[in-house]
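Okay, thanks for coming, everyone.

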Amino acid sequence: MGRNAFIGLVHAIIAIAGQIVFARILDPLQQGIAFVFGLSWPPGVAMSGTRAQATGVCLATLVAFAAGALLGTQRRERPWGAVVATAVWLALGAAVLSYTTFLTSMFPAEALIERGLLRAVFAADRYALPLLAIGALLGGSTTSKTLLRAAAGFATLAALITAGAFFARYLSYDPAVVLGLAVAFAMLSALVAGFAVAWVVKRLAFVELMYVALIAGYVLYLGMALGPSAWAKASSLPEEQVFLALAIFPTIVFGALLTVGASVGFLLHGGGRFDPGFRYEIDIARRYLAARSRDAFVGLVTFFAVAGVCLGVMALIIVLSIMSGFENDLKTKILGAHAHVVVGKHGDDFTEYGDVEGQLMDTKGVETVAAFVMGDAMVSTDVGLSGTLVKGIEASSEQGTKALRATVTKGEFEYLEHPEEIPGACPRIEFPPPKAPSGKPGEPLELLEPAIRQPCKDRRVLPGILIGRELSKTLRAYVGDTVKLVSPASEEIGPMGPMPKLRRFRVAGIFYSGMYEYDAKFTYIDMEQAQRFFGMRQRASGVEVKVADIDDTARIVEEVKRRLGGHPYTVKDWRSMNKELFSALLLEKIAMFIALGMIVMVASFLIVAVLVMIVLQRKKEIAILKSLGSSDASIMKVFVVQGLILGCGGALLGGAIGVVVCLLVAKFGVDLDPRVFYIERLPVVMAWGEIAAIAVCAVIMSYLATIYPAVTAAQHHPVEGLRDD
């Protein structure tokens with residue numbers, strides 16, 4: 001134990017020194033990256049606390065992995081005593097260093113402490129034991145050739161990912177589509193890189209692949225942490241969640257995909273020659289899976305494994321389809337009464353909106369164009385008060401207001417153009433029946449004066465306003481009632497300063513969009529009335545554009561930017577205007593996918609158990625096959641086929657049940673309380689891309705579960721299997 005303690009102390013000192021050195025060179029490293037990529041940071045500007053802590057944790061774990069790998073290479077047989085000793089010394093050293101640094105300022109690291117880097121390093125040292133253990137496992141099987149192969153594999157992976165990212169930029173204008181394509185190309189690159197490594201070395205090369213996955217994960221993590229912060233600001237997700245995802249998932253995904261690609265490469269070329277066929281392996285696999293009287297327990301576990309995959313896939317399809325239905329319903333409501341693209345202008349002098357409308361109408365794919373005026377105000381009645389977002393629209397444009405007209409449930413949209421037709425706008429005046437001058441019957445009646453016969457001719461008619469259903473409940477205002485709009489922005493100056501502008505409107509209609517926020521906050525008036533109310537004569541807040549195909553919005557945005565010439569005009573599409581909402585929905589779907597995917601993962605462990613039991617029971621048959629000349633790759637094929645039969649069978653069965661359930665729910669429906677959910681029926685939208693992704697993930701998990709039992713079976717020596725016979 002004394003030697004292990006001494007070795008642990010030496011490695012702990014090296015690790016802590018390396019962490020501090022890494023932390024100290026962080027700023028120059030960041031400036032160097034900025035210089036290489038042509039970016040610029042003001043000198044002396046530190047990163048945010050979250051990014052600094054993330055970088056510190058990344059560097060600390062990197063040092064711990066390196067220390068563990070060094071221990072594994074030095075003590076290949078029994079490194080665990082030194083690993084535990086190193087972890088203990090690291091924890092003690094971090095505690096002492098943090099105490100002396102914070103209390104006595106013994107080290108010149110005040111700036112780093114304020115940014116949280118050393119605090120992150122000390123926090124990472126608490127988890128030194130598992131990091132050192134993983135490094136020791138890899139280091140125990142590491143040679144110089146291993147590192148060379150890992151470097152070649154990482155170079156191949158990096159080259160393929162870079163090529164795929166550049167290729168994705170030329171396939172679409174939509175940044176979300178480009179990002180999705182880049183991720184898809186990166187996953188495909190991992191498969192190809194793993195396949196290439198196994199093809200060259202003619203074995204699975206698990207250690208090399210783990211090194212490649214770790215290097216790729218660290219490079220991605222450090223690149224995001226040290227690189228420009230524009231990507232983090234563009235995301236609506238908190239930085240903590242983004243960095244946590246970057247710290248965990250890329251390495252796991254790269255490792256899984258590299259392993260899948262390597263196993264495929266070994267199966268096709270592991271015997272020393274290219275052998276893509278499954279001549280007899282499928283028949284043997286089916287025979288092993290067939291339940292017999294002596295294999296009843298194996299058959300029971302097999303049933304549970306298939307049922308687990310089936311339930312996991314079915315639950316994923318149903319839940320994600322319902323969430324997609326809510327997302328689609330939300331998107332429909334948002335895009336129904338609002339623009340797909342909004343063109344604005346810096347400043348408050350957007351007077352040339354008519355010319356802009358003409359340029360936009362000439363753009364291919366544009367359906368309607370309409371200017372609008374937007375402003376904040378307070379709306380009140382005698383019994384209610386609420387803030388509102390007043391939007392002035394061109395009520396005479398039937399095509400531009402088609403979606404809004406369809407949402408009016410009470411009153412008429414046309415009342416905005418003709419407010420005199422609003423019920424109650426011109427109250428009927430009752431007059432007594434006319435009498436003869438002398439009161440004798442038969443004499444001619446006195447004629448009423450024109451002004452009396454047309455009582456609304458000289459009366460001032462209040463302009464109309466559309467309010468939402470929820471706002472109507474708040475104000476207790478209905479069609480024909482009078483409401484008051486108060487705007488703090490006013491040009492009138494009183495004794496106490498600027499006077500708020502107040503104007504009366506009459507409710508022309510009540511709309512119901514299905515979105516609580518819209519129905520509770522939005523009000524619509526005629527654009528001319530809005531210009532007068534907000535003091536924006538001959539000016540507009542922006543121009544709304546509706547396109548024929550919302551999936552073509554990105555191309556239209558680029559075309560509009562080119563036509564307008566950029567500054568001072570701004571162009572935003574519906575995705576950027578509702579980024580926070582759709583990002584939250586996407587995050588919920590990802591979280592649900594991960595949570596329910598655990599069911600499939602548990603089922604994959606059952607597949608491992610089934611195959612391990614079959615391997616133990618079939619040692620004799622495996623020995624006979626190898627004695628007859630079967631290669632290790634051929635033996636692996638037998639058990640890989642068994643796992644794929646279980647996984648694919650469960651995935652197909654679960655997919656079929658999930659699709660049938662979704663179709664039944666979509667056809668017969670599930671009624672919901674609209675007062676609670678703001679929707680009358682449970683929406684279900686099956687995205688076939690998501691269903692295919694679920695099935696592929698289930699098959700990949702099942703395939704990964706077959707690798708360990710298949711490798712174990714392939715490593716059996718024929719003599720051991722036939723020794724007892």
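Predicted model: local features only at pLDDT ≥ 70, side-chain atom pairs only at ≥ 80, totals over all residues.

So, first stop: Tyr518 counts as buried, at 14% relative accessibility. Buried here means under 20% relative accessible area, exposed means over 50%, and partly exposed is in between, with a 1.4 Å probe and protein chains only. Phe522 counts as buried too, at 10%.

Residues are numbered from 1 along each chain as its sequence is written, and side-chain values use heavy atoms, with hydrogens and water left out.

Back to the rings. Searching the whole structure gives nine aromatic pairs. In one of them, Tyr518 and Phe522 sit edge-to-face, 5.4 Å centre to centre with 90 degrees between the planes. For the cut-offs: rings of Phe, Tyr and Trp (its six-membered ring) pair if their centres lie within 6.5 Å, and planes under 30 degrees apart are stacked, over 60 edge-to-face, the rest tilted. Ring pairs also join Phe511, Tyr518, Phe522 and Tyr524 into a cluster.

Arg476 isn't a glycine, yet its phi is positive, about 55 degrees. You'll find Arg476 in the loop between α18 (469-475) and β6 (482-487); helices (H or I, at least four residues) and strands (E, at least two) are DSSP runs, numbered from the N terminus. Buried or exposed, this Arg476? Exposed, with a relative accessible area of 58%.

Now some helix packing. The axes of α23 (residues 579-617) and α25 (residues 632-668) come within 10 Å and cross at roughly 145 degrees. Those axes are lines fitted to C-alpha atoms, for helices over the stretch in contact, and angles run from 0 to 180 degrees between N-to-C directions. Which residues meet there? From α23 we have Ile607, Val610, Leu611, Ile614 and Val615, and from α25 Phe639, Gln642, Gly643, Leu646 and Gly647. Contact means heavy atoms within 4.5 Å.

Zooming out to finish: the protein has 28 helices and 12 strands. Of its 725 residues, 45% count as buried. And if you take contacts with a separation of 6 or more, 80% of them are between residues 24 or more positions apart.
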